[in-house]
Amino acid sequence: MKSMDKIVSLCKRRGFLFQSSEIYGGIQGFWDYGPLGVELKRNVKEAWWTDMIRGHNDLITPAGAPSTFEMVGLDSTIIMHPQVWKCSGHYDLFHDHMVDCRESKKRYRFDQVRGRWCEHRDQKIFVSTLAEVEQELDEVRRRAMKFFKLRPKNADELTVGNESLTLDQLDDTHSVLAPDAKSLDTLTEPREFNLMFKTTIGALGGEEDAAFLRPETAQGIFVNFKNVVDSSRVKIPFGIGQIGKSFRNEITPRNFTFRSREFEQMEIEFFCRPDQSQEWYRYWRDRRLAWYKTLGLSDESLIMREHHVEELAHYSVGTADIEYAFPFLPPGEYGELEGIAHRGDFDLRSHMEGKLDPNSPPGEPMKVELNEHGKPKHRGSGKDLSYRDEVTNEKFVPHVIEPSAGADRGVLAFLCEAYTEDEAPDENGEMQVRTVMKLHPRLAPVKAAVFPLVKKDGMPEVAQEIYGELKQSMNVFYDEKGAVGRRYRRQDEAGTPYCITVDTDTLTDKTVTIRDRDTLEQTRVKIDEVAAVIHTLLR
Ligand code: GAP
């Protein structure tokens, strides 16, 4: 059975993921990638960069696209001019609602604390918890029993509701037992909390030197739009892609790496003519969903959730989220992997004219937001960020489609999907439960492992030669310690698709076996064909 506990434990045991600063007790919301994890994450980012940017062929029209288009890359800074965040809207609007507990002094995100109504005699209280979904019911029951001072033998005097609710689904919080409190009604009213990390530039450190760690990579692309057009002579339609770190001071980081305070994004801003933007929106939505499936996420665990009209910013014609059935969610619930948003001309015009007013009347071009003195609330750069079509000589502000993916959430989804328990014979031929990470070969941290069956008779020398040859073009692992069955199991847990074993026959017929991680089939291949066969299999 797949469970989040097992996945987290494998990630730590095998070196995919560690808690940051663990020897000092850890730091919440920050994660380190171990030797296997760093390879996996690099492979996810490399697959995205190759498939979306470098490998894109701008001479042919991809299936489903309205026309050919160009894609280029960018690497902008994490700290940018503070005005960027004023014009992007993050300074005023990038917040979550949080509540403080007056008793425990802890702070929670209002929409993330879950719980259930519990009843004993004529008192009904809402017992909340931060426990994972699998433990939620037990934890609510345990806390309710304690609150009502019930002994185990009186457990049937307690009624626990079937429905799991979050705090923002309640009418008020007076009857709430907060996650770390002993008495009721200890939560404050929800308040806004800006998620941007603040820092200071230079030695003086006054308020005028304040800057922010970027909460998204997207703005680095918008502010470089003109630079890219002028320097690389790309023509609309075209996209600029960027992979990089983003930072959000999440109130309750949780669910392993799903909600972290430091994470990586893989974002594209795709610039097109306003009258073609709907077609491009549909194209990117479908293409991004297909990408996850190509790399192994199953149809059943992925959904595309179109936002309802009332969820959309009014300048937006559409936003869709690609969501995955992460095992930490209740059955039937999905978590966001990537958002594809139609952003209209909001960003380019805001950086040009001053922050636009998201409450401008629908159906009209958006107006610059004004302060109480009738002046722009946040001044733009004043630079012309419009585009001139060389053929028609038409000048316009391009519309933007933004496929915005999280690299860490992608890695987490691939890890969750890959985790499999099946049965395989051990070295004595007895069937045993086997844990295997069925990662797509493109994503697998180690592509092949090479083993001499035993550490003698010239087998290590042959194995090391094969290892040396493969090492030039891929990440390969060499292991000569312990029983070969145990070596296979270790590679299964690492997700290594192929194991190459040098055995007694090798010494006479110059062949080795290649074992397939998923089917467990073993094929004999000539030593001098191993590299070519492995390359073909990986393709
Ligand atoms: N530029 C648009 C933008 O940033 P978003 O939906 O806020 O949109 C895009 O973020 C993606 O970044 C999400 O779909 C998710 O994969 C990832 N992401 C956002 N916040 C995250 C967090 N706290 N931890 C890990 N990944 C996160």
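User: Hi! Which domains is the protein chain divided into?
Analyst: Domain 1 (4-94 + 196-414), domain 2 (98-193) and domain 3 (446-538), with bounds from an automatic or database domain assignment. This is a predicted model, where local features need pLDDT of at least 70 and side-chain atom pairs count only at pLDDT 80 or more, while totals for chains, interfaces and linings use all residues. Residues are numbered from 1 along each chain as its sequence is written, and side-chain values use heavy atoms, leaving out hydrogens and water.

User: How far apart are the C-alpha centres of domain 1 and domain 3?
Analyst: They lie 41 Å apart. Seven residues from domain 1 and six residues from domain 3 take part in the contact, meaning heavy atoms within 4.5 Å.

User: And how much do domain 1 and domain 3 bury between them?
Analyst: About 560 Å², with 40% of it on carbon and sulfur atoms. Buried area is the accessible area (1.4 Å probe) that two parts lose on being put together, summed over both. On the domain 1 side, R14, L36 and E39 supply 65% of the area buried against domain 3.

User: Switching to the ligand: which residues come nearest?
Analyst: E216, E250, S260, E267 and E336, out of 19 residues around the ligand, each with a heavy atom within 4 Å of it.

User: Nice. Which polar backbone atom is 2.8 Å from a ligand nitrogen?
Analyst: One belonging to S260. The cut-off for a polar contact is a pair of N or O atoms within 3.5 Å. Also, a ligand oxygen is 2.9 Å from a polar backbone atom of L337.

Conventions
Polar contact = N/O pair within 3.5 Å; in protein donor to acceptor, adjacent residues only side chain to side chain.
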